[in-house]
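Have the sequence and the fold open side by side, and try each task before reading on.

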Amino acid sequence: TTDKRKCRRLVVSILELGGVKIAKDDVVRDDPTNNVPDTIFSKLGMQLHRRNQHPIGILKNAIYEYFDTNFSTKFDKFDELCPLVSVKQNFDDVLVPADHVSRSYNDTYYVDSQTVLRCHTSAHQAELLREGHTHFLVTGDVYRRDSIDSTHYPVFHQMEGFRVFSPDEWEPSGLDATSYAAEDLKKCLEGLARHLFGAVEMRWIDTYFPFTNPSFELEIYFKENWLEVLGCGVTEQEILRRNGRPDNVAWAFGLGLERLAMVLFDIPDIRLFWSNDERFISQFCSGQLGIKFKPFSKYPPCYKDMSFWINESFTENNLCEVIRGVAGDLVEEVSLIDNFTNKKGMTSHCYRIAYRSMERSLTDEEINDLQWNVREQVLNKLNVVLR
Ligand code: FA5
Ligand code: MG
């Protein structure tokens with residue numbers, strides 16, 4: 001709990017910095033290692049996963065229930081660990097290589113050169129292992145610079161699951177430790193999917209994570225697409241060895257709670273989770289999984305295109321960050337619709353921005369203003385040349 005208190009003080013000081021606008025702008029301008037915009041600062045401490053009436057909280061509780069009723073060993077639960085973590089916790093402790101893209105300023109929010117907003121709940125694996133936990137669930141808000149569409153948002157929620165096995169668990173099976181853990185993991189997660197959804201179409205995909213081997217992703221069929229809802233795998237032995245469990249094996253998973261909740265409650269757009277609109281909030285009920293979200297009439301989207309010559313430092317994540325900075329949750333999707341390089345070697349991109357409010361219709365004037373500001377900010381901040 002001393003950790004918890006420390007964490008709170010840190011969050012408060014940052015939020016206070018965020019509140020006193022000038023002070024924070026100064027900090028950001030002076031500290032080139034801070035790339036956290038106001039819109040993201042303002043999400044710290046919201047804790048949607050700790051609201052029992054909110055779809056994210058309802059889902060968390062339903063997953064807790066699955067683990068409480070299906071395992072003889074209790075899973076220790078954490079949902080208040082501080083989202084500000086060290087670079088070491090977020091990356092080194094889970095064996096993310098020094099040159100991995102996820103460490104870049106393009107992908108991760110840095111508070112300073114040694115502190116990030118965690119980009120996954122895996123950041124807590126090592127410390128909890130060292131504290132002696134062998135079965136645990138960690139739920140929390142995670143932060144990523146990312147593209148913009150209906151299933152991606154720069155703040156979302158994950159639940160990490162971790163389970164350690166000892167030799168007397170896998171030895172009688174005749175399987176090697178890794179196969180035993182992999183089988184148990186898939187059984188556990190398929191059982192969870194059945195607990196939440198009943199019958200649902202799903203498939204396993206082989207993938208890569210630095211901290212597990214083998215590694216898998218689970219996809220669920222949703223609105224005519226396969227939607228990736230979680231990553232998982234058998235924990236790298238190096239992580240167990242470093243954290244006091246050299247003779248064990250373990251599995252781990254990281255669930256995207258918004259993605260699961262979208263399927264479960266039929267929520268069409270990830271921005272809705274952040275809505276304060278009564279017409280959204282009031283549709284959900286503590287403990288009830290069966291509710292299907294009824295969209296309050298869908299307002300029409302408005303599309304605006306923007307073409308420019310890019311430079312070497314241009315990235316889509318930076319573009320999305322600028323657009324979000326202007327339009328906030330009024331931007332629904334940003335997609336590259338044209339891309340060519342001319343004879344002189346200059347590359348042009350055309351992006352289509354979809355503006356749509358979840359709560360009301362937008363006026364032409366409002367959209368034109370937004371687009372005008374977006375163009376100006378993109379010019380100023382990204383040093384591109386508009387066409
Ligand atoms: C991870 O974050 C790994 N730490 C998961 C893991 C844990 C693997 C333990 C192995 C062992 P990934 O980057 O794929 O993996 O994210 C996990 C899930 O988070 C995704 O499957 C997806 O459901 C969700 N997710 C990722 N990015 C976003 C986003 N921008 N918005 C909403 N949900 C997202
Ligand atoms: Mg993934």
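Domain bounds here come from an automatic or database domain assignment. The model is predicted, so local features need pLDDT of at least 70 and side-chain atom pairs count only at pLDDT 80 or more, while totals for chains, interfaces and linings use all residues. Residues are numbered from 1 along each chain as its sequence is written, with chains lettered from A and ligands numbered from 1 in the order in which they are written.

**Exercise 1.** Find the domains of the chain and describe their contact.

Step 1: the assignment gives domain 1 (2–272) and domain 2 (302–386). Step 2: their C-alpha centres lie 30 Å apart. Step 3: 13 residues from domain 1 and 16 residues from domain 2 make the contact, where two residues are in contact if their C-beta atoms, placed from the backbone, lie within 7 Å. Step 4: the side of domain 1 that touches domain 2 holds three nonpolar, four polar and six charged residues. For these classes, Ala, Val, Leu, Ile, Met, Phe, Trp, Tyr, Cys and Pro count as nonpolar, Asp, Glu, Lys and Arg as charged, and the others, Gly among them, as polar.

**Exercise 2.** Work out how strand 6 is paired and covered.

Step 1: helices (H or I, at least four residues) and strands (E, at least two) are DSSP runs, numbered from the N terminus, and two strands pair if DSSP finds at least two bridges between them. Step 2: strand 6 runs antiparallel to strand 5 (residues 135–143), with nine bridges; here H157 is the bridge partner of D141. Step 3: strand 6 is also antiparallel to strand 10, with eight bridges, and F162 stands opposite A252 in strand 10. Step 4: 10 of the 11 residues of strand 6 are buried, meaning that 20 or more other C-beta atoms lie within 10 Å of a residue's own.

**Exercise 3.** Is helix 10 mostly covered or mostly uncovered, and what does helix 10 pack against?

Step 1: seven of the nine residues in helix 10 (residues 257–265) are buried, so the helix is mostly covered. Step 2: the buried residues include L257, L260 and L264. Step 3: their packing partners include helix 8 (177–197) and strand 8 (212–222). Step 4: D266 follows the helix with a positive phi, near 65 degrees.

**Exercise 4.** Which element gives the most to the shell around ligand 1?

Step 1: strand 6, strand 9, strand 10 and helix 10 each supply at least two residues. Step 2: strand 9 gives the most, with six.

Terms used: Buried ≥ 20, exposed ≤ 12 C-beta atoms within 10 Å, placed from the backbone.
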